[in-house]
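Subject: Structure for your review

Dear colleague,

Please find below the structure that I am handing over to you. My notes on what was found in it follow directly after it.

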Amino acid sequence: RIDRPPSADASPLREGGPSLARAPLVVQPRNGLGNRLRALASAMSVAAHVGRPLIVEWIPDAHCNISLRNLCQKPFPFALRDRPVHPEVDLSAALQVDYVMEAASGKTQQQLANMTTAFDDDKRVVHFISAFLMNHPFGNWKHARHHLRQLSPLPSVAKQVIATSSMVGMHVRSVFPFSQERPLTCGASS
């Protein structure tokens, strides 16, 4: 389900709004909630460091089927979109970096596209698609984690999240029938 309140398309980047001195960083966090929050925090940190406006494309899918609007309180410290439509930003000349595809090719975090020089041209949009931290000096967790504090869970979400120092965290993945992944083998041939 995609949450689209009447103001979902409102953006400070729309035509008639303030002009942008610098092109935005557009981030599309991917995969599960934890991966998305990690990529979002990293992009928030880098955008703040390089002085770029941030547009977040939080698109619900099978891995995380909820809008950020249904998790966190407004106002957001960025423009939020629920779909990959860019009426306010021309992506035709954007530098597009897709860490999800790069990681699928077997690259390690150190081998992912280096984002250090990606922001040298103030007029070029950077479109970052990822479930990972940005490969940028201010995209690492040391800097990124502080930016998550700008997001506050909705009261209904906060009362469901209970954590103490005596607890152990767990990462739960979506489950699909094993037979869809690969044929079952017993190890011995018959």
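Helices (H or I, at least four residues) and strands (E, at least two) are taken here as DSSP runs and are numbered from the N terminus. This is a predicted model, in which local features need pLDDT of at least 70 and side-chain atom pairs count only at pLDDT 80 or more, whereas totals for chains, interfaces and linings use all residues. Residues are numbered from 1 along each chain as its sequence is written, and side-chain values use heavy atoms, with hydrogens and water left out.

Overall composition

The protein chain has five helices and five strands, arranged along the sequence in the pattern β-α-β-β-β-α-β-α-α-α. Of its 190 residues, 37% are buried, where buried means under 20% relative accessible area, exposed over 50%, and partly exposed in between (1.4 Å probe, protein chains only). The protein chain exposes about 11600 Å², and carbon and sulfur atoms supply 55% of that area; accessible areas come from the Shrake-Rupley method with a 1.4 Å probe, and for residues only the protein chains shown count as cover. A contact is defined by heavy atoms within 4.5 Å. Among contacts in the protein chain with a separation of 6 or more, 74% are between residues 24 or more positions apart.

The sheet

Five strands form an open sheet in the order β3-β2-β1-β5-β4, with parallel pairing. The edge strands are β3 and β4 (95-98), each of which pairs on one side only. On average, neighbouring strands of this sheet are turned by 15° against each other, direction ignored. Two strands are said to pair if DSSP finds at least two bridges between them. In general, strands of a sheet pair through backbone hydrogen bonds, either parallel or antiparallel.

How enclosed is strand β1? Five of the five residues of β1 are buried, so this strand is largely enclosed by the rest of the structure. Leu25, Val27 and Pro29 point one way from β1, while Val26 and Gln28 point the other way. In a regular strand the side chains alternate between the two faces of the sheet.

Strand β1 (residues 25-29) pairs with β2 in the parallel sense over three bridges. Leu25 stands opposite Leu54 in β2, and Val26 stands opposite Ile55 in β2. With β5, strand β1 pairs in the parallel sense over five bridges; there, the bridge partner of Val27 is Phe128.

Strand β2 (residues 54-57) is covered on both faces, with Leu54 and Val56 buried on one side and Ile55 and Glu57 buried on the other. Three bridges join β2 to strand β3 (residues 79-81), and these two strands run parallel. Val56 stands opposite Leu80 in β3.

β1, helix α1 (residues 33-50) and β2 make a right-handed β-α-β unit. A crossover is right-handed if, with the strands pointing away from the viewer, the path from the first strand over the helix to the second runs clockwise. Helix α1 lies across β1, β2 and β5 (126-130), running at about 170° to β1. Axes are lines fitted to C-alpha atoms, for helices over the stretch in contact, and angles run from 0 to 180 degrees between N-to-C directions.

Asn31 lies in the loop between β1 and α1. Its phi is near 70°, a positive value in a residue other than glycine. Asn31 is partly exposed, with a relative accessible area of 27%.

The loop between β2 and β3

Ser67 is placed in this loop and is buried, with a relative accessible area of 0%. The Ser67 side chain makes a polar contact with the side chain of Asp82 at 3.2 Å. A polar contact is a pair of N or O atoms within 3.5 Å; within protein, one must be able to donate a hydrogen and the other to accept it, and residues adjacent in sequence count only if both atoms are side-chain atoms.

Not counting residues up to four places away in sequence, Phe76 touches Leu68, Arg69 and Leu151. The C-alpha atoms of Phe76 and Val56 are separated by 10.0 Å, the two residues being 20 residues apart along the chain.

Yours sincerely
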